[in-house]
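The following exercises are to be worked through with the sequence and the three-dimensional structure at hand. Each task is followed by a solution in steps.

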Amino acid sequence: MSTRTKADRHGLAPSSARSSSAARRASDAWYEQWSGQAACREEDPELFFPARHDGPGVAQIREAKAICRRCPVVEDCHAWALSTDQEYGVWGGMSERERRGRRERRKPNGRPPAPCGTESAYQRHLRSSEQIDEACRAAHRDHRTAARARAKAAQGRP
Ligand code: SF4
Ligand SMILES: [Zn+2]
C-alpha cells in the first residue's frame, strides 16, 4: 500500500485564491473532517490523476470513479472539490473535465459561486436542492446565532 495519499499528490486543500481567508479556513477544516475516511487513502494516488482523458485515461477514470462510488465521504468530497475549484483529478466521482463543464455552465455573471462554509453557499444548496455539507451547516448556524444576537440587541434585551 502506498503511504502517499491523494492529498499529498495534490497539495492539501488549495482553496480557490479568490476565497476569503475565513472561507478558506472553513474549507480546510472541512477537508480535514472528511478526508480521513476517504476510500482512496488505500489506493495509488496516481490513479486519480490520469494524464489524459482518452485512450488509457478512459479506463483509469472509470476505475477511480468505481472507488468513489463505494467511498463513505463521496458527497463531501464532491461538494468540496466543486467549492474549492479543484482543477485536476477525479474527486467525488467526478472527473476534471466534468467539473470544468459544470463550472462553465454555472457562470452567468462571471462571478465564482460562494465557497462552501458560507451562508451564501448554504442558501445556494437549498435553492438547488443539493446535499448540504457540514461546513455550510456550521456557517448557517453561525449566521442564525449572529442574527438572533443582533435582533436581541436591537430590542435592548440581554
Ligand atoms: S469520493 Fe473518491 S476521490 Fe473523494 S475521497 Fe472518496 S474515493 Fe477519494
Ligand atoms: Zn456547501
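Helices are DSSP runs of H or I of at least four residues, numbered from the N terminus. With that convention, α4 is followed by Asp 85, whose phi is positive, near 55°. The model is a predicted one.

**Exercise 1. Describe the overall make-up of the protein chain.**

Step 1. Take the secondary structure: the protein chain has 7 helices and 0 strands. In sequence order this gives the pattern α-α-α-α-α-α-α.

Step 2. Consider burial: 29% of the 158 residues of the protein chain count as buried.

Step 3. Consider the contacts between residues at least 6 apart in sequence: 59% of these join residues at least 24 apart.

**Exercise 2. Determine why helix α4 is described as largely enclosed by the rest of the structure.**

Step 1. Apply the cut-off: a residue is buried if 20 or more other C-beta atoms lie within 10 Å of its own.

Step 2. List the residues of α4 that count as buried: Val 74, Asp 76, Cys 77, His 78, Ala 79, Trp 80, Ala 81, Leu 82 and Ser 83.

Step 3. Identify the cover. The elements over these buried residues include α2 (21–35), α3 (56–69), α5 (96–105) and α6 (119–127).

Step 4. Conclude: because 9 of the 10 residues of α4 (residues 74–83) are buried, the helix is largely enclosed by the rest of the structure.

**Exercise 3. Characterise the packing of α2 with helix α7 (residues 134–154).**

Step 1. Classify the angle. Angles of 65 to 115 degrees count as roughly perpendicular and those over 145 as roughly antiparallel; α2 and α7 are therefore oblique to each other. Their crossing is right-handed.

Step 2. Name the residues that make the contact: Ala 26, Ser 27, Trp 30 and Gln 33 come from α2, and Glu 134, Ala 135 and Ala 139 from α7.

Step 3. Sort the contact residues by class: 4 are nonpolar, 2 polar and 1 charged.

Conventions. Residues numbered from 1 in each chain as written. Chains lettered and ligands numbered in written order. Predicted model: local features only at pLDDT ≥ 70, side-chain atom pairs only at ≥ 80, totals over all residues. Buried ≥ 20, exposed ≤ 12 C-beta atoms within 10 Å, placed from the backbone. Helix = DSSP H or I, 4+ residues; strand = E, 2+ residues; numbered from the N terminus. Contact = placed C-beta atoms within 7 Å. Axes fitted to C-alpha atoms, helices over the stretch in contact; angles between N-to-C directions. Parallel < 35°, antiparallel > 145°, perpendicular 65-115°, else oblique. Left-handed = near helix turned anticlockwise from the far one by under 90°. Nonpolar A, V, L, I, M, F, W, Y, C, P; charged D, E, K, R; others polar.
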